[in-house]
Amino acid sequence: MNETMGEETMEKKWTRIYETDEIRVFWDAEACTHASECWKANIKVFDPRRKPWVDLTGAPAKEIARVIDLCPSGALAYEWKS
Ligand code: SF4
């Protein structure tokens, strides 16, 4: 898993970018309202007590995308790589 800081993607500054061969996941720390939907839905992937808090090996990419779609603030986003 790669982690990138402060990279500009999709015309927005993301705090972190995580990726596998299949999916690229973006997180905006400022937009995150800590509403907890993501870790309630999948604590293996999204665990705020862990560093880095996102672990894309914790679930299949489709499940990760499903959880990201639950994020109410837009702090999480993803794109498919292929
Ligand atoms: S669901 Fe979105 S807003 Fe809520 S904690 Fe996760 S990233 Fe932050």
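Predicted model: local features only at pLDDT ≥ 70, side-chain atom pairs only at ≥ 80, totals over all residues.
**View 1**

**View 1. The order of helices and strands in the protein chain.** The secondary structure comes to two helices and six strands, which follow one another along the sequence in the pattern β-β-β-β-β-α-α-β. The protein chain has 82 residues, of which 21% count as buried.

**View 2. The largest nonpolar core.** This core has 17 residues, and those with the most contacts inside it are Val25, Trp27, Val54, Ile64, Ile68 and Leu76. The elements that give two or more residues to the core are β5 (23-27), α2 (61-68) and β6 (76-80). Once neighbours within four places in sequence are left aside, isoleucine 64 is in contact with Ile23, Val25, Val45, Leu56, Ala59 and Tyr78.

**View 3. The hairpin of β4 and β5.** Strand β4 (residues 16-19) runs antiparallel to β5 and is joined to it by four bridges, and the two strands form a hairpin with three residues between them. Within this pairing, arginine 16 has tryptophan 27 of β5 as its bridge partner.

**View 4. The pairing of β5 with β6.** These two strands pair in the antiparallel sense over five bridges, and arginine 24 stands opposite glutamate 79 in β6.

Conventions: Residues numbered from 1 in each chain as written. Buried ≥ 20, exposed ≤ 12 C-beta atoms within 10 Å, placed from the backbone. Core = buried A, V, L, I, M, F, W, Y, C linked by C-beta atoms within 7 Å. Contact = placed C-beta atoms within 7 Å. Pairing = 2+ DSSP bridges.
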